[in-house]
Amino acid sequence: MKQGACIAVCSTMLATGVTQLIPAYQAQSLVFADEVQQNIKKTTYTADQLEVDWGNASYERTDGVWKVTFNNQYDQVKWRLPETIDMSTVKSVTFNVKDQKGSVSLKVYKREQTEADGANTQYGLTGKEEYSISPTGEGDMEAVGLMTTDDTGSGSAISLVSVTVETDTTPQAPPEIEQDIEDWKDSVTSNDALGKDAIAGTGIMLSEITDDTLMKLVEKHFNAVTFGNELKPDALFNYQLEKSVKTKTVQFDGQDLEVPVVNDAGDSLDFSRADAMVDKILEWNAAHPDRKIRIRGHVLVWHSQTQEWFFHENYDISKPYVDKETMNRRLEWYISSVFDHYFGEAANGKYDGLFYGWDVVNEAVIGNTYRTDTVSPAESLDEIRHGNNSSWWHVYKSNEFIINAFKYANKYAPSDVELYYNDFGETDNIKSEGIIKLISDVKSAQGTRLDAFGMQAHYSVDSFSAAQFKTVAKKYAEAAGKVQLTELDFQASAAYKSGAASKESEYTKMAYCHKQLFDAAKDLKKNGTNVAGITVWGVIEPNSWLHSQSNVGGGADGSKQCPLLFDGKYKAKPAYWAYVDATKLEPLIQDIVVAEQKGDTMSGTEYSFSDDDTQAAFIPTWDKDGLNVLVSVKDATINDTDEVTVYVDETNSAGDVTPVKKTVKRSEAQAVDGGYRATIKVPMTDLKVAKTIGMDVKVMNNDKAVSFNDLKEMQETSSKYYAKATLKPGIEKATKATVKIDGEADSEWDKAVAIPLTINLGAKVTADAKVLWDDENLYVYATVKDPVLNKDGGEAYQQDSLEVFIDENNAKTESYDDDDKQYRINYENEHSFNGKKCLEENVQSAAKVTGDGYVIEAAFKWTDIKPKKGDRIGLEFQINDADASGARIGTLSWNDETGMGWSKSSVYGTIELAAEAKDEVSDDNSKPGTDDPSTGNTEKPGTNNSSTGNTEKPGTGKPAINKPSADKPATGSTNKPLANKPAAKKAAKTSDQSATAAFIVLFLAGVSMAGTSRLRRSRKQS
């Protein structure tokens, strides 16, 4: 079973698409045919040889085939093979099928598994008569299964003809771990990191404890483990997934209490899976008393992996829900029984000191409030387990069960076992409010104890912001006392998942995300915020839950992933070195912004770089004729070899290339005090907003080179280490005028420039927006052409709507300041908000449905500035596009291709407030490189449809079930870390000054000339 971020892996709720891997040690062995006898065999089992072990679909064996009809989503059938097969020898399992309707998912089960591992599951297959899967792992294979993830009522069906298993019993060399590298935990628990008492943990599954090589990694690198599934309610209830269970009556707290019977021994809780893992840890600890591993209990109360019958009379779904009083007794009985097993008299001290803490409640917040029973209208509470809706809330209609859970846990847990609340999506500003409210409610209640908040830390390479992480971590630590990162992993970038980026480049990107996170955690700790530990959610790559398809815990889309510290060959990845020795990392591919040039002024973002002898800075802009780069160099000594070269890869291929390059020698450049300045034009065509190119800048100083991004100086033949440059709109001017908000285009709107929204991430709409301003308001008039209007989505961001993001002081920060706001207005004029001052009282709007879409007119009150001509405002527009089913299929934006406007203002565009006179409107109304919205052009070179991405929530994870796809306001993508090279430094800042002023800024920017072993980069706004 895969472990997911609090997502369950279970027979009825799992949906997944997995990158299949053969066992790691097979992948790395090399066998020559003339040296070793190959022993490959194929065995076919007909339908008559396959016997049903379990199934909740309709099935019958007739005419030599198994005919299966799937009535509900996640219906499945499991067949037992006539014999067991050593899983490590299995090369492939091929399902021969016919008469297929809809999609089917394949499963391969090990001995006594209730649910197949995520790595041994393949999802959403259609259109063939043979489907193959290459399972991985240790143990014996004993069964196969078919399941559908199609919606209930889809009419999905299939006939299974036979199953063919191909095995290879050729002798293989056993895998080995790298014993000579530093223990990962030593870096985390060092005095200059999180301290000697910190948790440096990992998540493990029952199926992994028999993998001796994997356990060697656990024993070497981690001081704590969290069980992915085995202490969750559905596991302790022995995965009894029928509509009802047998019961018995026991005495609890002096009264009769009806409890479930979950195994043949008559037990009400089955600890066999968890105890097998606990015993493995105890065995290690006994042999290594100076290197003990401790355990985090996970989890007592969770909406998702708790059987529905637990909430009903007689533990029978067909009967009514119990009342709160009965549920309170069941809850207290359950918590006391779990803790009694490990801490009570029967344990006889066996587990003393083994558990350092326990997650009492998991994922009980959605948005800025509590998770209810109606989060997902399409999800029925009649299902045996839930992805989004909470039966706990259905019974209580309040947070009483949360308060009581912490009361009971405090009552029965030893004082040295800490009690936690744990949740995903925790870096979202709105959700952080809900989490802090829950923590406050629990801590203020009588008889409770809450010792820390668990930040699940399911993040994304495309959307992670270290600044945002630090902002919310401080708040959580203030509220709860301390924080821990409990299920850390990073989803791969959209470019990697689509195949546009190599594994090598993705490993580097991910390593820098880990480095940024670790640096942020260390800085928090150093400055008084108690970050008490980091737990990585899995050990080796193939076993990550992110290979599965799930909408629980933040979500996973089944695409290829590489989220962990160790690969499938049990070797350390760059992500490991991000903690242990970041100087070993490859150069980071930096993201830079190239603004559209309007007029003669070079106005854009300034990027600086240096080594001990050279300081340089450049401002890139673009127009319809190509790329413009203003380069300033501080170098007082004139040499014949001094020069500047700009390299461009027009397709951003990141490979072998003959680049477009332009060189300007110092003798050809403009001399200035202390150095020189060069303006370089690189002719290019077909430039437009959101296009990405590769580029680098290299300065030669007396035969010594210093480069902005390619620290290996390979620019002449390869663009592998070029920076990724994204073309952005230039600064637009907004005329001063006042309009009436009624949805009609007053004549005043004729004075405004129509700003086209051309950054298309999967949307099937076109749109533009106009902007005006006066002393009281910022005005927006948006015209959206959308043939299908829908607002059935349970989350507001899924509905057809306009989002307006405002940063009044144009600070372009990496997390929200008090003046940053996200307003959302759907086509029926319904509002939702994100931001401290983003309030209903600060917006007036009108919406009107037209023949081909809708228009929205709105006035947004100024909350922080007194606007005047010449002020520059951060602004962004986003159109959310829903299809007929109510699902958001994409977005359309002006400046931001990342979808991260909900968490940081650095991705916004810029407008300049102009005077009332008509001629103050932008002189350059032509939009070189932008597409006329009427053409419906949705091209976004170098990017991919992000509508399926989890970027909208940081967080996720468990082995193989379905987790909510996001409760944050918007989707996510792209915040890149810093490069790392001896004796070099980098910085970036926005420059709206003349070239001369930009050069002066370079000299006065305080770029240190002192020797340093690391590149540094920052962004300063002006």
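Which residues does Thr167 touch, not counting residues up to four places away in sequence?

1. Thr167. The residues touched by Thr167 are Asn39, Ile40, Lys41, Ile85, Thr89, Val90 and Lys91, not counting residues up to four places away in sequence; contact means heavy atoms within 4.5 Å. Thr167 is found in strand β11, residues 157-168. Thr167 counts as buried because its relative accessibility is 10% (buried means under 20% relative accessible area, exposed over 50%, partly exposed in between, with a 1.4 Å probe and protein chains only).

2. Basis of the model. This is a predicted model, in which local features need pLDDT of at least 70 and side-chain atom pairs count only at pLDDT 80 or more, while totals for chains, interfaces and linings use all residues. Residues are numbered from 1 along each chain as its sequence is written, and side-chain values use heavy atoms, with hydrogens and water left out.

3. The chain as a whole. The chain has 14 helices and 52 strands; helices (H or I, at least four residues) and strands (E, at least two) are DSSP runs, numbered from the N terminus. Of its 1022 residues, 63% count as buried. Among contacts in the chain with a separation of 6 or more, 76% come from residues 24 or more positions apart.

4. Helix α5. This helix covers residues 272-287, which is 16 residues. From first C-alpha to last, α5 reaches 23 Å, close to the 22 Å expected at 1.5 Å a residue (the expected span is 1.5 Å times one less than the number of residues). Buried residues in α5 include Met277, Val278, Ile281, Leu282 and Trp284. An α-helix has 3.6 residues a turn, so residues three or four places apart point the same way.

5. Helices α8 and α9. Two packed helices are described by the angle between their axes and the distance between the axes. Helix α8 (residues 400-412) packs against helix α9 (residues 429-444) at an angle of about 50°, with axes 10 Å apart. Axes are lines fitted to C-alpha atoms, for helices over the stretch in contact, and angles run from 0 to 180 degrees between N-to-C directions. The pair is therefore oblique (angles under 35 degrees count as roughly parallel, over 145 as roughly antiparallel, 65 to 115 as roughly perpendicular and the rest as oblique). In this contact, Ile402, Ile403 and Phe406 of α8 meet Leu438, Asp441 and Val442 of α9. By class, the contact of α8 with α9 has five nonpolar residues, no polar ones and one charged (Ala, Val, Leu, Ile, Met, Phe, Trp, Tyr, Cys and Pro count as nonpolar, Asp, Glu, Lys and Arg as charged, and the others, Gly among them, as polar).

6. Helices α10 and α12. Helix α10 (residues 466-480) and helix α12 (residues 503-526) pack at about 35°, with their axes 9 Å apart. The contact of α10 with α12 has seven nonpolar, one polar and three charged residues.

7. Backbone points to check. Most residues other than glycine have a negative phi, and most peptide bonds are trans. The peptide bond from His298 to Val299 is cis, with omega near 10°, and Val299 lies in strand β16, residues 294-302. Tyr315, in the loop between β16 and α6, has a positive phi near 55°. Tyr315 counts as buried because its relative accessibility is 0%. Ala457 has a positive phi near 65° and sits in the loop between β21 and β22. Ala457 is buried too, with a relative accessible area of 0%.
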